[in-house]
Structure formats: C-alpha cells, structure tokens
Amino acid sequence: SGGKILVLPGDHVGPEVVTEAIKVLNIIAEETGRKFELEVDLCGGCSLDKHGDSVTEEVLQKCLNVDAVFFGSAGGPEWGTAQPNPESGLLRIRDRMQIFANLRPCKFASKALLAYSPIKTEVVKGVDFMFIRENCGGAYYGKKIEEADYGCDPWEYSRPEIERVVRVAGALAMQHDPPLQVYSVDKANVLANSRVWRRIATEVFEKEFPKIQLKHQLADSLALLFITKPTAFNGVLVSDNTFGDILSDESGGLTGSLGLLPSASLAGPPGNVDSKLGRNSVGGVVGLYEPVHGSAPDISGKGLANPTGQILSLAMMLRYSFNMHREANIIEKAVERCLDTREDGGLEIRTGDLGGKAGTVEMSEAIQGEVRRL
Ligand code: NAI
Ligand code: MG
C-alpha cells in the first residue's frame, strides 16, 4: 500500500475543512498514482455522543496501526465542562502514539500575509522558522500534588526525552543544504532541568550533528525578541513543553491568522537519521497532523471556515510521513498563489478571517486548481 491514514475530522469546522483537504489529497493520489488507504473515525464531542468517551480504545489502537493520523479539531460549547471533555481525546492519542515533537512552522509564505501580522512589516518580513515543542513530558505530565493550600507540578526531564526531541531538530535542520541554524530554548540560568537539557542537547549535536553549531537561547528573552527581531531566529527552534506551549502560540500570533497555521506531531526524526525510532511502514515518520486552530463553533455550519491550515497540515503529512517533498512543496506553493495579491501574480482569494469574501469550498477549489496546474 502507499500508506495508511486514519482521518479524525472531529467537531464543528473540523469535518468542513478536513473534507476539503482530502480533496487535495485525492488530486495528489491521482496525479502520482500513489494509493493511500483512508479510514475515517471519531474523536472529540462526536465520539462522546456516540460512545460516551472522547476517544475509544478501538480508535487508539487504530492510531498505532497507521502511517499517519489526519486530525481536524475537537470540542464545542455543547459539551460544557463535563468530564471527559472532548479535547481529552487528542491528549490521549498524543500520549498513546508518543508523538513527542510538535512542529509549528512560522513563515510568511505569501507577501500578502505581511499585512495581517499585528507586527510591523519591516519586522516580520523574511521570518522563516520551525518551532519544535516537546509534547509528552515536562511540567504538564508527571505526579501532581493539589492540596487546599499547596500545588506542585514537577518539571522533570530525563535523557531519552531530551535526546529524542533535540534529534528531531537536528534532523530537520539537516534536510537543508547548508543545514539550518538550530536554537535550543531553556532557562538554564534558574532551572536544573534546563541545565540538564542544555548539556544533553549539546552532547547530541556534537555527536550526531557535527555540522550544526547549536545555539542556546533563554526563553524569556526569546519572548521579547520574537516581537522585536523575529528574523534573528530563522532556522529551527526546539524547547520543552512549557516554554514551547507559550512561545509557539506567540510565534503563531506573529502571522496574525489562526486559519492559516498547520502543525505536525512526530514520533521520531524525519528524513534519514540512524535512529529507527518512530519509522512508519512507508519509510517516513509516524505523525499526527492538524491545524493550530480549534473547532471554531462561532462560524461552523456556514461554510465560512478557512481550509488553509488543514490543507497545509496535509502538506506536512506528505512531507514527513510519506517523504513526498515535491507534492508538499506544490501544495504550499498553491496556497501561496491563491492568497497573493493580483499585483504579485496571485489569485487573491481569501476567506472572511483574512478580510475576503470566499467561502470554505471556494477557497479550497482555488487551491485545488493551483495544485492541478502546478
Ligand atoms: P478556535 O481556534 O476554534 O477559534 C478562535 C477564533 O478563530 C474564532 O473566532 C474562530 O472563528 C476563528 N477561527 C478558528 N479557525 C478558523 C478557520 N479555520 N477559519 C476562520 N476562522 C477561524 O478557538 P476557541 O474558540 O478558543 O475554541 C473553540 C473550541 O475548539 C473549544 O471547544 C476548544 O476547546 C477547541 N479547541 C480544539 C483544539 C484542537 O482540536 N486541537 C485546539 C484549540 C481549541
Ligand atoms: Mg497552547
């Protein structure tokens, strides 16, 4: 087979944008002759309604037997605050699949997008980095203590957890010639776990990626520099779960448009690295791909959602789980051409979140047209 994909559209706009992305996948399959096996199942509020749980054991098992999971978004006000909440399904999938490296690209592919950034054009122009957040450890996991007058979340990292995530950063950087600059983000000045992180990251790069001169960056000053001088971090950034959560949201904010942002969560390094960790049956890496945005219940059911974040997540899936770099580049180029202004040779088709008039399907069809043409 050309690869197995489990599709979990989820709730609200999830199914609306996933449907459009699958149309793009079908075009790629048609034009390359590659046959993907797709299976669709439930996760989120839809699963709660049908099975009384945000994800079933059966679906968790399926996640372990595919090359990639293609996820929409989960949640909505109708499920209130009852436990388990719809969003917990995704957390359980993440934990089960051990997709510990959460990748969020931040770049201004389209010139036109500079206008949507809340930051001045001359500051964000040329930004192009990949942010990697460790996503299965650190302060968000582990044994918590919650008493009436005392709370504690142990912020722990051990060697294998650090090695595997910084290795993803190195492997990604090595996919470019010359290799990209890598920045490891921590607070080694005050946190013991950060000092261990820094030491082990340094070791991994010296041993496995001698061509890369790893740089270390303090998390707090990065928060500031992201706003004042974001181009200084072009390349690959890698950080732990807590700093990564906050800083990857901030980097998303640079682009000013939630509907455009894709993400990938990988179970190992992409490309040809010695490690067999996380390899899937088609020679890529196991991963889950989803847009950064949530289920957008305020606009769901109206055909207004921007399908771009979901479609760009598809491009990431083709690149990392299926080694289809050319096709991933074509999709990204197609998106760029649709968003670009006419003066820049684009089609200037945009959804409401970008100030345009196009609906989900119109936007998607424009991208599909460009994918076919390219
Ligand atoms: P959200 O991302 O769903 O929406 C925030 C704002 O951005 C809304 O105004 C929405 O209309 C807009 N927006 C989001 N995606 C868009 C798109 N593709 N096109 C155009 N506009 C878009 O975040 P919110 O409102 O905080 O959460 C809504 C629900 O989604 C909640 O139940 C939340 O828990 C869930 N959620 C799920 C995530 C996931 O499945 N990974 C991630 C984040 C939130
Ligand atoms: Mg967050």
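Predicted model: local features only at pLDDT ≥ 70, side-chain atom pairs only at ≥ 80, totals over all residues.
**Exercise 1.** Describe how helix α6 packs with helix α7.

*Solution.* Start with the geometry. Helix α6 covers residues 159–174 and helix α7 covers residues 192–208. Their axes lie 9 Å apart, at an angle of about 50°. Angles under 35 degrees count as roughly parallel and 65 to 115 as roughly perpendicular; α6 and α7 are therefore oblique to each other. The crossing of α6 with α7 is right-handed. Now list the contact residues: α6 contributes Arg159, Ile162, Glu163, Val166, Arg167 and Gly170, and α7 contributes Trp197, Ile200, Ala201, Val204, Phe205 and Glu208. Sorted by class, this contact has 7 nonpolar, 1 polar and 4 charged residues.

**Exercise 2.** Repeat the analysis for helices α1 and α12.

*Solution.* Helix α1 (residues 13–32) and helix α12 (residues 360–373) have axes 10 Å apart and an angle of about 15°. That angle is under the 35 degrees cut-off, so α1 is roughly parallel to α12. The two helices cross in a right-handed sense. From α1 the contact takes Glu16, Val17, Glu20, Lys23, Val24 and Ile27, and from α12 Thr360, Val361, Ser364, Ile367, Gln368, Val371 and Arg372. The class division is 6 nonpolar, 3 polar and 4 charged.

**Exercise 3.** Which backbone values stand out at Gln98, Asn323 and the bond from Asp177 to Pro178?

*Solution.* Most residues other than glycine have a negative phi, and most peptide bonds are trans. Gln98 has a positive phi, near 50°, and sits in the loop between α4 and β4. With 18 other C-beta atoms within 10 Å, Gln98 is partly exposed. Asn323 has a positive phi of about 55° and sits in the loop between α10 and α11. Asn323 also has 18 C-beta neighbours inside 10 Å and so counts as partly exposed. The peptide bond from Asp177 to Pro178 is cis, with omega near 0°; Pro178 is in the loop between α6 and β8.

**Exercise 4.** Which residues come nearest to ligand 1?

*Solution.* Of 23 residues around ligand 1, the nearest are Gly75, Gly259, His293, Gly294 and Asn306. The shell has 9 nonpolar, 10 polar and 4 charged residues.

Conventions: Residues numbered from 1 in each chain as written. Chains lettered and ligands numbered in written order. Axes fitted to C-alpha atoms, helices over the stretch in contact; angles between N-to-C directions. Helix = DSSP H or I, 4+ residues; strand = E, 2+ residues; numbered from the N terminus. Parallel < 35°, antiparallel > 145°, perpendicular 65-115°, else oblique. Left-handed = near helix turned anticlockwise from the far one by under 90°. Contact = placed C-beta atoms within 7 Å. Nonpolar A, V, L, I, M, F, W, Y, C, P; charged D, E, K, R; others polar. Near = placed C-beta within 6 Å. Buried ≥ 20, exposed ≤ 12 C-beta atoms within 10 Å, placed from the backbone.
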